Amino acid sequence: MTEIEKLDRIAISVRSHKLLGQLLSENPEFEAILRNSKNETEVVVGVREWIEKSLKDRENAFRFYHASHSTRELFDSLEWRDYAIIRILDYIDHAGKEYPDLNLRGEIAVSNPLRLIWLAVNKGTGGAKPDFFIDMIMLFRQLRGESKRQDFSRQRVEQWMDRYPSGLDPRIVQLREENKQRIIGVLMKRIDSGEVESSRYYFEPGLTRQQKLEKMERWWEEYKFHLHFAVRSPELLNEMLNHSLDPDTLKILRDARDAGIPFFVNPYYLSLLHVRVPYFAVGADLAIRHYIIYSKQLVEEFGNIVAWEKEDRVEAGKPNAAGWLLPEGHNIHRRYPEVAILIPDTMGRACGGLCASCQRMYDFQGGRLNFNLDKLAPDEKWTVKLQRLMTYFEEDTQLRDILITGGDGLMSSDNTLAGLLEEIYRMASSKVERNNSLPEGEKISELQRIRIGTRLPVYLPQRITLNLVKILKEFKEKASAIGIKQFLIQTHFESPMEVTPESTIAIQRLIAAGWTVTNQLVFTTTASRRGHSAKLRKVLNDIGVLPYYTFTVKGYMENNAVFAPNARVVQEQLEEKVAGQIDDKYYDTIRGFPEEAHLMVENIEALRRFAGLPFLATDRNVLNLPGVGKSMTFRVIGITRYGRRILEFDHDETRIHSPIIHKMGKVVIIESKSIHEYLTQLEELGENREEYDGLYGYSIGQTEHRVPVYDYPEYEYEHTHEMSNLEL
């Protein structure tokens with residue numbers, strides 16, 4: 001007997017029986033098909049005939065269903081009932097197919113919902129859980145036209161946004177000052193007692209308490225102080241938070257330490273957490289708190305975490321999953337012809353703190369990433385390796401966009417970063433010179449965009465020093481002269497509560513240097529609350545930051561606690577983010593924003609005013625696929641007996657990919673939690689479940705078109721279409 005056959009014999013629970021009864025009573029035609037069918041095949045035939053006959057007038061639904069690749073225009077033509085028609089037909093088409101469920105460490109999952117319902121009706125078995133039946137009840141209500149999605153209302157969106165204060169609220173600023181003084185007091189005791197020794201941060205004999213406090217205040221403005229005194233243990237974390245952590249949380253953190261999960265949070269970022277919770281901001285810091293506090297699921301899965309992005313696995317001499325041949329080592333990652341990620345062998349491999357939902361937790365598990373900062377300092381070999389990496393970039397025919405990241409792109413010292421940018425400048429200059437001797441049609445792509453990926457403006461804004469800004473400004477001035485046109489800082493604000501006076505100053509400095517600052521939001525459970533992302537977009541716009549991506553949480557069961565289903569990502573896009581949708585007539589205006597990056601605050605405010613928008617929705621909602629690239633083009637093609645949805649993703653039609661995607665086909669993922677489980681979690685966070693009505697119905701997604709502020713400039717010459725460094 002197979003494992004699937006064993007599962008099919010499991011009796012359903014009393015709760016599942018009651019939900020099944022509700023499903024049948026609401027759908028008498030469906031019940032008749034189930035009771036008159038001798039086996040699951042007859043159920044499938046009966047349901048298909050029923051839908052195709054009774055709903056044959058829904059032309060857009062069937063046109064979308066039969067399309068091999070969907071488009072935004074097809075997607076926008078769908079009505080609410082169409083989603084249900086397409087999902088049921090997709091369930092039928094994929095019935096019985098097996099998928100490895102990496103949430104369950106590779107166990108095989110089979111989607112066969114009609115069989116599960118038939119077994120439950122006729123034998124009381126199938127093992128389907130209540131979450132499964134709730135999802136099916138909602139599906140058939142949508143099919144009948146009884147469920148509704150919430151119509152967009154700007155007034156309601158702004159009411160949701162008003163629930164969340166920003167870190168610029170004077171009352172929040174005052175609370176954080178209290179936190180800062182408490183943390184300073186803890187650190188002073190550790191220095192006085194000799195528990196912490198430092199050649200840089202120490203008190204000379206004879207200093208009064210006031211003099212020590214004045215020193216601590218000065219040190220607080222230095223980013224190295226925060227790295228040196230970063231919290232690495234649950235006990236110190238609890239002391240810094242005035243012993244406010246509950247015993248269960250402390251146990252999880254201690255278990256995490258025992259499991260080998262690093263812990264690293266700097267004092268500044270820790271000061272953003274509430275200890276004395278204000279009446280006007282209950283729960284406002286949750287998105288920050290959940291970035292620091294690990295989950296039980298992460299601890300349990302650590303040691304069994306599987307790499308999410310296949311193209312990040314690099315073997316010397318072999319192409320990665322996207323077909324790109326890369327230099328040896330782990331310095332260059334690549335998915336697209338036009339873009340390469342550069343990770344230097346410097347302090348840039350470290351971060352200013354470890355995020356609980358880090359996309360590279362797999363690398364922390366393997367020991368490739370850590371917080372032994374001294375060991376990450378560059379040595380002489382890096383300069384030699386860097387030359388080899390620049391040669392790779394120089395000879396590539398399609399590359400025009402380099403993202404310096406890590407770790408964190410701004411964790412490198414000023415001298416190291418300046419040296420890296422200088423080498424990129426020399427490489428870009430050589431490409432321009434080479435093109436002068438090549439005929440039209442054979443010219444290679446020149447470098448047009450430089451990006452630095454960093455969370456330090458959020459996590460440790462003290463790092464954005466005047467000297468760093470001088471380096472960035474001088475590089476931009478020099479690089480602009482050879483044709484590089486776009487200079488972006490890609491940061492990662494997760495919450496409006498992270499927008500503080502300190503981070504605002506950091507952003508102002510970067511903008512003054514002529515760099516465009518953009519934001520990538522990870523759509524965690526706490527960030528997915530109604531109005532939270534919309535408020536973040538507004539607050540970021542206020543300080544001159546443009547939203548860039550809103551990411552679905554990636555990974556498997558280790559990120560279950562922070563995962564928001566893709567249905568919620570689409571709902572947020574169509575019911576909240578739409579409040580900031582930019583009309584096409586403003587595209588020429590926004591396209592020119594990076595050319596006047598130093599006027600970003602003024603230009604954003606002017607456009608919001610003229611367009612009558614509370615914020616500019618310049619970001620795209622996407623998932624980093626566990627294959628190649630990013631996309632939000634998907635259909636729900638299956639569901640497990642636990643109610644966890646199975647999604648089939650297609651690639652983003654709006655951008656250039658490696659040709660290998662035509663061989664790879666579509667990408668299937670199984671979500672780590674059901675919609676019901678997610679809604680229950682939101683209720684535990686204080687949310688009203690009814691405000692998310694319609695969530696079950698979002699079973700289809702389509703990648704948004706890119707707002708032209710992020711388009712590449714047009715080349716003034718005809719470049720080759722030949723791809724180098726590619727092996728399919």
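## Ground rules

The model is predicted, so local features need pLDDT of at least 70 and side-chain atom pairs count only at pLDDT 80 or more, while totals for chains, interfaces and linings use all residues. Residues are numbered from 1 along each chain as its sequence is written, and side-chain values use heavy atoms, with hydrogens and water left out.

## Trp 80

Let's start with Trp 80, which sits in helix H7 (residues 80-93); helices (H or I, at least four residues) and strands (E, at least two) are DSSP runs, numbered from the N terminus. Trp 80 has a relative accessible area of 10%, so it counts as buried (under 20% relative accessible area; exposed is over 50% and partly exposed in between, with a 1.4 Å probe and protein chains only).

What does Trp 80 touch, leaving aside neighbours within four places in sequence? Its contacts (heavy atoms within 4.5 Å) are Gln 142, Ser 147, Lys 148, Arg 149, Gly 694, Gly 697 and Tyr 698. Gly 697 is 617 residues away from Trp 80 in sequence, yet their C-alpha atoms are 7.6 Å apart.

## Strand E6

Now for E6 (residues 449-453), where five of five residues are buried. Arg 449, Arg 451 and Gly 453 point one way, while Ile 450 and Ile 452 point the other way.

E6 has parallel partners in E5 (residues 401-404), through four bridges, and in E7 (residues 486-491), through five; strands pair if DSSP finds at least two bridges between them. Asp 401 stands opposite Arg 449, and Ile 452 faces Ile 489 of E7. E5, helix H21 (residues 414-436) and E6 also form a right-handed β-α-β unit, meaning that, with the strands pointing away from the viewer, the path from the first strand over the helix to the second runs clockwise.

## Cavities

How many cavities of 30 Å³ or more turn up in the whole structure? There are six. On a 1 Å grid over the protein atoms alone, a cavity is a set of points where a 1.4 Å probe fits but cannot get out, and lining residues have an atom within 4 Å of a point. Grid points are joined across faces, edges and corners, and a volume is the space filled by probe spheres set on the points.

The largest cavity has a volume of about 90 Å³. Among its 13 lining residues, Ser 70, Thr 633, Arg 635, Asp 650 and Lys 666 lie nearest the centre. Strands E12 (633-639) and E13 (645-650) each give two or more residues to that lining.

How values were computed
1 Å grid on protein atoms, 1.4 Å probe; cavity = no way out; pocket = protein on both sides within 12 Å on 5 of 7 lines; lining within 4 Å.
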